[in-house]
Amino acid sequence: MNNLQWLDEVKFNEQGLIPAIAQHHQTGRILMVAWMNREALQLTAEKMQGVYFSRSRNKLWFKGEESGHFQTVYEIRLDCDADVIVLQIEQHGGIACHTGRESCFYRKLTATGWETVDAQLKDPNAIYGEKPSSNPHSIAMNSSNAQAEQLEVLGYLGKMMAERKAADPDSSYVAKLYHKGLNKILEKIGEESIETIIAAKDFKSEACEDHKNDLIYEVADLWFHTIVMLGYFELDVQLVLNELARRQGLSGLVEKANRDH
């Protein structure tokens with residue numbers, strides 16, 4: 001995005017900041033609110049990764065530079081007064097809050113006061129106790145954390161499917177799919193399969209950054225809806241991982257190692 005005229009239309013406050021709301025691109029749930037200055041907003045648009053400005057540290061921060069829970073940005077919107085940003089994002093690791101929860105908005109007002117209604121998905125000490133990457137720009141490619149991060153995401157999704165099956169259909173996108181039944185879920189898998197094929201063909205014809213992001217987005221949608229389907233049958237995602245391991249001979253290697261003892 002070379003032309004930066006769009007940045008001039010944004011109304012930053014007297015401190016040069018604008019509030020940014022990060023919203024899950026599929027469920028619509030608000031995950032966090034942070035501040036951006038002009039540079040943070042520009043970097044977010046260029047890298048399609050959540051970048052914010054810390055008022056306490058007076059510096060830019062890439063979401064996930066310490067936790068590993070970075071954000072992929074799919075869409076950036078500006079409100080009618082041009083003084084609030086909304087990001088449609090994918091929160092990798094499923095944890096946006098420093099308390100180890102999916103969302104920073106985990107407390108609900110009840111008759112007895114503020115009640116914590118969201119479970120902690122991970123101990124913050126386990127998140128921030130590890131040494132952060134020395135290069136926040138490449139944290140998504142940190143191979144030492146990649147396997148644990150992927151398993152964490154799958155475990156979170158599996159847990160979420162079990163919770164959403166019994167939830168109010170109006171409470172989330174996944175709950176609504178389960179309410180509509182298997183045919184609707186399969187219909188969505190079919191749609192996402194076609195969109196993935198189209199995105200792959202577009203990327204082959206023109207291997208640009210936009211088409212790459214489109215392909216990643218569509219594959220993520222396809223995987224997501226297949227996990228919804230597994231949840232419909234109460235099948236754990238780990239069963240699919242076990243089958244993939246078996247096909248690669250990994251289970252055979254384990255069996256051989258056991259025989260050698």
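Is L154 buried, exposed or partly exposed? L154 counts as partly exposed because its relative accessibility is 23%; the class lies between buried (under 20% relative accessible area) and exposed (over 50%), with a 1.4 Å probe and protein chains only. The structure is a predicted model, in which local features need pLDDT of at least 70, side-chain atom pairs count only at pLDDT 80 or more, and totals for chains, interfaces and linings use all residues. Residues are numbered from 1 along each chain as its sequence is written, and side-chain values use heavy atoms, with hydrogens and water left out.

View 1. L154 belongs to helix α4 (residues 143–165); helices (H or I, at least four residues) and strands (E, at least two) are DSSP runs, numbered from the N terminus. Not counting residues up to four places away in sequence, L154 touches I227, V237 and L241, where contact means heavy atoms within 4.5 Å. L154 and Q238 are 84 residues apart in sequence, yet their C-alpha atoms are 8.2 Å apart in space.

View 2. The expected span is 1.5 Å times one less than the number of residues. I185, K188, I189, E192, T196 and A199 are buried in α6, and the buried residues of this helix pack against α5 (173–180) and α7. Helix α7 (residues 209–232) also has 24 residues and reaches 35 Å from its first C-alpha to its last, close to the expected 34 Å. Among the buried residues of α7 are H211, L215, F224 and I227. After α7 comes E234, whose phi is positive, near 60 degrees.

View 3. I30, V33 and F105 form a nonpolar patch on the surface, and together they have about 260 Å² of accessible area, computed by the Shrake-Rupley method with a 1.4 Å probe, only the protein chains shown counting as cover for residues. F105 lies in the loop between β6 (85–91) and β7 (107–110).

Terms used. Patches are made of residues with over 30% relative accessible area and no salt bridge: like charges are joined within 9 Å, nonpolar side chains (Val, Leu, Ile, Met, Phe, Trp, Tyr) within 5 Å. A salt bridge is a side-chain nitrogen of Lys or Arg within 4 Å of a carboxyl oxygen of Asp or Glu.
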